[in-house]
Amino acid sequence: KEALTHLNKNPVPDLIFMDLTFPDGTPEEFMQSLRALPGGSNAPVILVSGKSDIADYAKRLNARTFIKKPFDID
């Protein structure tokens with residue numbers, strides 16, 4: 001909810017990294033709200049998660065791609 005409050009008052013960033021753990025709401029609700037914002041429909045979102053089916057989930061959320069945790073910066 002904090003991220004959506006920020007996005008409602010500021011331009012949508014050029015890139016969004018999004019974990020799938022949400023204290024309030026769901027990733028689906030966030031993506032729906034993001035896509036409804038001016039400029040939000042094309043904002044690239046990269047999911048970051050340890051979920052085993054992250055590729056399928058990223059596709060369902062219309063995310064650009066995903067990074068599976070744990071990951072190595074190199």
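## Rings that pair

Rings of Phe, Tyr and Trp (its six-membered ring) form a pair if their centres lie within 6.5 Å; planes under 30 degrees apart are called stacked, over 60 edge-to-face, and the rest tilted. In this predicted model, there is one aromatic pair. Its partners are Phe 22 and Phe 30, whose ring centres are 6.0 Å apart with planes at 50 degrees, so the pair is tilted.

How open are these two residues? Phe 22 is partly exposed because its relative accessibility is 24%, whereas Phe 30 is buried at 7%. Here buried means under 20% relative accessible area, exposed over 50%, and partly exposed in between, with a 1.4 Å probe and protein chains only.

## The largest pocket

Phe 22 and Phe 30 turn up again here: along with Ala 3, Met 18 and Asp 19, they lie nearest the centre of the largest pocket, which has 13 lining residues. By class, the lining has eight nonpolar, one polar and four charged residues. Strand 1 gives the most, with four residues, while helix 1 (2-9) and strand 1 (16-19) each supply at least two.

## A charge over a ring

Lys 51 lies over the face of Tyr 57, 4.8 Å from the ring centre. A charge counts as over a ring if NZ of Lys or CZ of Arg is within 6 Å of the ring centre and within 35 degrees of the ring normal.

## About the model

Residues are numbered from 1 along each chain as its sequence is written, and side-chain values use heavy atoms, without hydrogens and water. Local features need pLDDT of at least 70 and side-chain atom pairs 80 or more, while totals for chains, interfaces and linings use all residues.

Conventions: On a 1 Å grid over the protein atoms alone, a cavity is a set of points where a 1.4 Å probe fits but cannot get out, and a pocket is an open set with protein on both sides within 12 Å along at least five of seven lines; lining residues have an atom within 4 Å of a point. Ala, Val, Leu, Ile, Met, Phe, Trp, Tyr, Cys and Pro count as nonpolar, Asp, Glu, Lys and Arg as charged, and the others, Gly among them, as polar.
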